[in-house]
Amino acid sequence: MSVLTRDEAQTRAKLLDVHRYTIALDLTTGDETFASQTVIRFTARTQADTFVELKPAELREATLDGHPLDPETLEENRLPLKALTAGEHELRIDAVMRYSRTGEGMHRFTDPTDGETYVYTQLFLDDVQRVFAAFDQPDLKAVFDLSVKAPENWTVLANGITTDLGDGHWQATPTPLISTYLVAVAAGPWHSVRTEHRGLPFGIHCRRSLAPHLDPDADELFEITKQCYDRYHEKFEEPYPFDSYDQAFVPEFNAGAMENPGLVTFRDEFVYRSAVTDTERQTRAMVIAHEMAHMWFGDLVTLRWWDDIWLNESFAEYMGYQTLTEATRFTDTWVDFGVVRKGWGYDADQRTSTHPVAPDAVDDTASALLNFDGISYAKGASALRQLVTWLGEKDFLAGINTHFARHRFANAALADFIDSLASATERDVHAWADTWLRTTGVDTLRPVVTRGEEGTYTLQVEHKGSRPHRIAVGLYDQDVADEGRHLVLRDRLDLDIPQNTPHPIGKRPALLLLNDGDLTYTKVRFDPESFSAVTQSLSGLPSPLTRAVVWNALRDAVRDGELAPTAYLEAARTHLPHETDLALVQGVLAFTSTYVADRYVTPEQRPAALTTLSSLCRDLIRRTEDGDNPGLRLIAVRHCIDVAAHPDTIAAWLADGTVPGGPELDPELRWRVLARLAVLGATDESAIAAELDRDPSATGQEGAARCRAALPTEEAKAQAWEAMFTRDDLSNYLFTATAQGFWQPEQTDLVRQYVPRYYEDAVALAARRGPAIADAAGRWAFPAHAIDEDNQALGQACLRDADPIPSLRRKLVDQLDDLGRALRVRQV
């Protein structure tokens, strides 16, 4: 397939004004393909050659201004428009398109629970061509007029309000000017719950089989949606720009959600079939807030080209967390950002694949797709949070509103955004942008505390890096009333970095914490006295956000080889039993199990690490026996299952259907136990089949695939490998589940033969099945637990000699970077 280059897009944007797409889709033609008819009305400014994009199963007919075009001239995904004359034109395309099983284009899914079928579009970044013909670039906005023929028992959702015309025919209200990648359709026998807010129709939709799980949460979902909607109207002068607000929870979705105007699509794991923690509900609420922010930043005002994708994602990420904090019951969202999302950004920014938040140029769409990472989301949001700290929220919002007014229903670039901000302040926003958005890497701040006259002290901050920072410095003293187990905030100083002169801090604090409040993007370190206080009293810090900064600092020190992973594990063992914030417990446990126990400690140290984690989880379970913190208990039970080194206890839980004292084992916990038993060789195919009979849902199918791939037999591994890399019939979700089960640290010898096979097979698979499966193969099927130089050499040879497609190459580069880091950490 030919990818669109930046130069080609700029040339075509100078040539064309696209006015209107009239699209007719017929979803009744069979299980493999659907019919797609498109009429594009556009104006050419001068005579020139250009092209339109589509990826059909069959191009039946194409005409330009009534004159036939030869379908044989379609080359890969481009239909040439030769000698296009200046003036108005009408292009008609009649094509047959393929349904997708990988979450790209028009994805088709049949629910194993009840046999009902659903389809939905995911057209980002350049997959509109899989559904209808288009001039597929973000700065050729147009009106989209969509009609759909569907089976008569289906409901059709789209960007605008849809009307049932009878006999399976549906018509959507024409959109305002939007970009091609934002067009959305979702069709099927949806279960829908509807309401109205401020004169606008709101709806939530899911598969029928999920109705019993959606309905109990409908009030919460609508409440969050309305609270965010109202808060954005307080922040933004431009009103919500579309005619309705539907949120559809769709199956086998590759992203968390997609900001299609008027029809946001979410992965339907957000419809909870099993018990979840309040932090997980907060995450769902944040995604709702994030996608709604896109209605203004991304949909109303859209990037001109993909080098400014950060303008979409960083803004929505920052605004989602901030608005959720201001408008809903979730008032500590920045803790979750600090302990989960921010680490994603720090990790991405220290790999060889790092890039600026706002790169100078993204050459083509394949390159652009690689930038949807922790830099464009978490680092960019951190940069904006620092900008608001430096600029002030009043001036920041004034600049944002100027930006919306200047570019509504149009496109804008970084320079436009910075000019809008600069119009609201006397500060040098352009210089700030150069230092923060055009550079790579993570700064490091380290305190130097010096004793002065009469026992007073001063603070100087060593700054490794180039960015200016406005930070808070927390000075904490030991609480003598409880023998120093708690730390009390004495003072919080505002400090600008670089620092010109030492700052007096009075008497020596027990803990001096840089970036208290987590307002900037940087790694921080401790002076020796502060580190001693942290190891003794971390759980006694008064604010969960402060504790998040400390845990992040310890995490960074482990990854940088400055702190032994066993020391981090011991800190978790000491302080997590006293932690009250669920996001912190979940984040620290995830790092200790996924990275410390599975990758950073040596194979000889791993049993002891698992024993420590098991003891920690049992402490948390005992702490919650009175039932007053079910979320904490659920987290502890999940991790207790995941790190079990012996099967007896969790097998008894599965047999009894409950953990003693609760919770009862719901489907998620049952599959989790069974997967761990499979790893330990304590279950078999008959037990997996019986569990699948008990839970035949789509999630159950994934659970069974994960368990079967985890069985420690040569036959099971061979079958899983064939399913992933040979048959090509796994959907994106079933591929991921199989890959998650395949590699296990306990089975290193059993799967050793597959490590060299992985690289050749993954390259071939990616070339056959495309970016979504390539991404899954690079992320989930990579032999991440083979922490050795042989694996590293095989990967480097693959990058050098095998020419993997860009999406797989990027994943391999990142995995090999992480592998190299793990090897270095093991040397500590």
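Some ground rules before we start. Because this is a predicted model, local features need pLDDT of at least 70 and side-chain atom pairs count only at pLDDT 80 or more, while totals for chains, interfaces and linings use all residues. Residues are numbered from 1 along each chain as its sequence is written, and side-chain values use heavy atoms, with hydrogens and water left out.

Let's begin with the cavities. By cavity I mean a set of points, on a 1 Å grid over the protein atoms alone, where a 1.4 Å probe fits but cannot get out; lining residues have an atom within 4 Å of a point. Grid points are joined across faces, edges and corners, and the volume is the space filled by probe spheres set on the points.

The largest cavity comes out at about 60 Å³. Its lining is made of Tyr346, Asn515, Asp518, Thr522, Lys523, Val524, Ala548, Val549, Asn552, Ala553 and Asp556. Two elements give two or more residues to that lining, β28 (523-524) and α13 (544-559); helices here are DSSP runs of H or I with at least four residues, strands are runs of E with at least two, and both are numbered from the N terminus. Helix α13 has the largest share, 5 residues. By class we get 5 nonpolar, 3 polar and 3 charged residues, where Ala, Val, Leu, Ile, Met, Phe, Trp, Tyr, Cys and Pro count as nonpolar, Asp, Glu, Lys and Arg as charged, and the others, Gly among them, as polar.

The second largest cavity has about 50 Å³ of space. Strand β10 (residues 143-149) gives the most to its lining, 3 residues. The classes there are 7 nonpolar, 4 polar and 1 charged.

Next, please find Val271 on your screens, in the loop between β19 (263-267) and α4 (278-294). Is Val271 buried or exposed? Val271 counts as buried because its relative accessibility is 3%; the cut-offs are under 20% for buried, over 50% for exposed and partly exposed in between, with a 1.4 Å probe and protein chains only. Beyond its neighbours within four places in sequence, Val271 is in contact (heavy atoms within 4.5 Å) with Cys206, Leu210, His213, Leu214 and Phe249.

Now for the salt bridges, meaning a side-chain nitrogen of Lys or Arg within 4 Å of a carboxyl oxygen of Asp or Glu. How many does a search of the whole structure find? The total is 69.

One of them joins the side chains of Glu8 and Arg78, at 2.8 Å from N to O. Glu8 sits in helix α1 (residues 6-15) and Arg78 in strand β6 (residues 78-84), so this pair ties together parts 70 residues apart in sequence. Glu8 is partly exposed at 26%, and Arg78 is buried at 15%.

Another bridge pairs Lys235 with Glu326, at 2.9 Å from N to O. It links helix α3 (residues 218-235) with helix α5 (residues 309-327), the two residues being 91 apart. Lys235 is buried at 5%, whereas Glu326 is partly exposed at 30%.

For contrast, take Arg800 and Asp801, which meet at 3.3 Å. Arg800 is exposed at 60%, and Asp801 is exposed at 54%.

Finally, Arg446, Lys523, Arg525, Asp560, Glu562 and Arg821 are linked in a network of salt bridges.

Methods. On a 1 Å grid over the protein atoms alone, a cavity is a set of points where a 1.4 Å probe fits but cannot get out, and a pocket is an open set with protein on both sides within 12 Å along at least five of seven lines; lining residues have an atom within 4 Å of a point.
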